[in-house]
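Please look through the model below before reading on.

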Amino acid sequence: MAEYFRKIVDSKTFQYFIIGVILAAGVIVGLETYSGLMDTHGDLLHLLDHIVLYIFVVEILLKIGAKGSKPWEFFNDGWNVFDFIIVAVCFLPIGGAYIAVLRLARILRVFRLVSALPKLQILVGALLKSIPSMSYVGILLFLLFYIYAVIGTFMFGQNDPIHFGSLQVSMMTLFKTITLEGWIDFMNIQVYGSNLYGYENFPDTVRVPSAHPFAAPIYFVSFILLGTMIMLNLFIGVIISGMEETNKEEEIKELARIREELKNITVEEEINLIAEDLNKINENLKLLKNRINTTHRA
């Protein structure tokens, strides 16, 4: 029986069906945000939502059944635990003030698409593996923000109190700058002075206008180069490194799984597998010879 359940769970048809159901769950939750649609078709949407939920229950039962006499092995996989929690929360008798928890659980069912697609699992796994290294890059980025915020407050605080009036305000301005949103205006206020640029709508703001035609461009351009170009590239590099590690781990797991399967097959079945591999190699060699002959004739 366990073998039968395993064949169902591992079949491409079943996997594509579950992916379709997950997408349908996301669409249903999205449609429920329209009050007019809920007034006219609310009962139908709730019915579809219950059908989706019970399909997920059947999926989990099949996966547990595929483990045979060791159903607890289902929970050895973190993604299975995630799926189980998301489905289980939807059955909790909660309401009233806690209805938001139920809605959140229903929205999170869309994230089951990650557990259904192996490539997404690798990407999420890489992001999780990158967190320790990303934290160090984050510390370095915070130090960069802090140093430039202190310099900016001392240099531009009196000229531009709205954007550099205090340390925390300066850090928020630098955050906007690193997104490349409006940084030209921030720089021009310092280059020309707040009496000539940027304070037309704030004439009563207490300030001491002063121009920094050389220091301001150096300050902003250097911060953007260090913050946007270098730091963000460090983040990307850390994530790519995490993806490479995750891919290697997945390859090791796949090899271990293949070895485990090979332990359970007979000598005759192993010979047949080797013969099939040899046939594929021979076919590839024939194709390669044909290409070489075609190239020489040309």
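**Notes on the predicted model**

1. Helix α3 (residues 35–65) has a kink of about 85°, centred on H41. The bend at a residue is the angle between axes fitted to the seven residues ending there and the seven starting there. Helices (H or I, at least four residues) are DSSP runs, numbered from the N terminus.

2. This is a predicted model, in which local features need pLDDT of at least 70, side-chain atom pairs count only at pLDDT 80 or more, and totals for chains, interfaces and linings use all residues. Residues are numbered from 1 along each chain as its sequence is written, and side-chain values use heavy atoms, with hydrogens and water left out.

3. The largest nonpolar core has 22 residues, and L141, L174, Y219, F220 and F223 have the most contacts inside it. Such a core is a set of buried Ala, Val, Leu, Ile, Met, Phe, Trp, Tyr and Cys residues joined through side-chain atoms within 4.5 Å. The largest share, 8 residues, comes from α11.

4. L141 sits in helix α7 (residues 118–156). L141 counts as buried because its relative accessible area is 15%; the cut-off for buried is under 20% (1.4 Å probe, protein chains only). Leaving out residues up to four places away in sequence, L141 touches I178, G227, M231 and F235, where contact means heavy atoms within 4.5 Å.

5. Where does N159 lie? N159 is in the loop between α7 and α8 (161–164), and N159 is buried, at 0% relative accessibility. Beyond its neighbours within four places in sequence, N159 has contacts that include I189, Y199 and R207.

Methods: Helices (H or I, at least four residues) and strands (E, at least two) are DSSP runs, numbered from the N terminus. Buried means under 20% relative accessible area, exposed over 50%, partly exposed in between (1.4 Å probe, protein chains only).
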